[in-house]
Amino acid sequence: MAYRFRTDLKYSQITPKADFLNRRQVMAGMAGAAAIGLSGQGAFAAGQYSTSEKPNTLKDITSYNNFYEFGTGKDDPAKHAHSLTTDPWSVKIDGMVDNPGSYGLEDILSNATIEERIYRFRCVEAWSMVIPWNGFQLSQLLERVSPQSGAKYVSFETLVRPEEMPGQNSALLDWPYREGLRLDEAMHPLTLIATGIYGEDLPNQNGAPLRLVVPWKYGFKSIKSIVRMTLTDKQPQATWNMQNPREYGFYSNVNPNVDHPRWSQASERPIGGGLFAKRKATLMLNGYEEEVAGMYAGMDMSKNF
Ligand SMILES: Nc1nc2c(c(=O)[nH]1)N[C@H]1C(S)=C(S)[C@@H](COP(=O)(O)O)O[C@H]1N2
Ligand SMILES: [Mo]
């Protein structure tokens, strides 16, 4: 599975996880981090887009999940997702693009620059984590397929394979799980296709082998185990939006001032802080306001929630 990373060296081979944060922060302070030969992975460079908050443990990130294809319990994905076959894997890219086709995983990865991005992650259910992703900017893949001038949105679909995804044997959701972004959101440098966590291949329960990460939106926009992307001029169907449009909007931008009809979004429960962990205030656009607010200028965020 090593082919999933286009780098020669994984930082998991260089330093134990416990030292990861310290080392990263020390190295990030060095002007010439790239000069020591790790620039391909970007592992030690904090980077302009990463938070300096302490990441959750790999255990937290891989044992408290939402992935309804494997059940609705937070521990169901960790229990059942090992049954998913992720090799071979390909993504069909179609719709309003000049280069449609079925793109194999190796081909996708060998044409992308994998970086480390430590992002805040905020679920609409009001819990949160900090996750050290590895991945590439979705814009790299979209540029390759060359969207046509009329394309305004990207829609995404998760694999349907009920033999390996036991949750798909019930009609809980209208499978496949679907999501969508406006094209400018999809092209934004913060928007990632994640391929790993903590320098290791993405665990199945986190959406292997390719999952979307849009850090300023509620977690359900970050669709897992993607097999199709379609460029379109119409706002795509999105699973939770179809399920309950009153509760889950198409935009689903994190916003402490727009409550869910059944609970407040003003604060969140950080996972992993133990029994007495304090809730913390939720940040506008999950703390990415400076980078992304411009895309929503003049839009009423409480109507376009
Ligand atoms: N295909 C698919 N993608 C999905 C989901 C899902 O049930 N199926 N759950 C979403 C929700 S609600 C959240 S909060 C995140 C959870 O990601 P994590 O388990 O990696 O933290 O995945 C999102 N992507
Ligand atoms: Mo979520």
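What is the volume of the largest pocket? The largest pocket has a volume of about 450 Å³, and ligand 1 takes up its space. This is a predicted model, in which local features need pLDDT of at least 70, side-chain atom pairs count only at pLDDT 80 or more, and totals for chains, interfaces and linings use all residues. Side-chain values use heavy atoms, without hydrogens and water.

**Ligand 1**
- Of 17 residues around ligand 1 (a heavy atom within 4 Å), Asn65, Tyr68, Glu69, Ser222 and Lys224 come nearest.
- A polar side-chain atom of Asn65 lies 2.8 Å from an oxygen atom of ligand 1.
- An N or O atom in the Arg211 side chain is 2.9 Å from a ligand 1 oxygen atom.
- For Asn206, the corresponding distance is 3.0 Å.
- The protein covers 97% of the 530 Å² of accessible area that ligand 1 has on its own (Shrake-Rupley method, 1.4 Å probe).
- The shell holds eight nonpolar, six polar and three charged residues.

**Largest pocket**
- Strand β4 (residues 127-137) gives the largest share of the lining, four residues.
- A pocket is an open set of points on a 1 Å grid where a 1.4 Å probe fits, with protein on both sides within 12 Å along at least five of seven lines.

**Second largest pocket**
- Its volume is about 180 Å³.
- Of 18 lining residues, Tyr218, Glu247, Asn253, Val258 and Phe305 are closest to its centre.

Terms used. Residues are numbered from 1 along each chain as its sequence is written. Chains are lettered from A and ligands numbered from 1 in the order in which they are written. A polar contact is a pair of N or O atoms within 3.5 Å; within protein, one must be able to donate a hydrogen and the other to accept it, and residues adjacent in sequence count only if both atoms are side-chain atoms. On a 1 Å grid over the protein atoms alone, a cavity is a set of points where a 1.4 Å probe fits but cannot get out, and a pocket is an open set with protein on both sides within 12 Å along at least five of seven lines; lining residues have an atom within 4 Å of a point. A molecule sits in a cavity or pocket if more than half of its atoms lie within 2 Å of its grid points. Ala, Val, Leu, Ile, Met, Phe, Trp, Tyr, Cys and Pro count as nonpolar, Asp, Glu, Lys and Arg as charged, and the others, Gly among them, as polar. Grid points are joined across faces, edges and corners, and a volume is the space filled by probe spheres set on the points. Helices (H or I, at least four residues) and strands (E, at least two) are DSSP runs, numbered from the N terminus.
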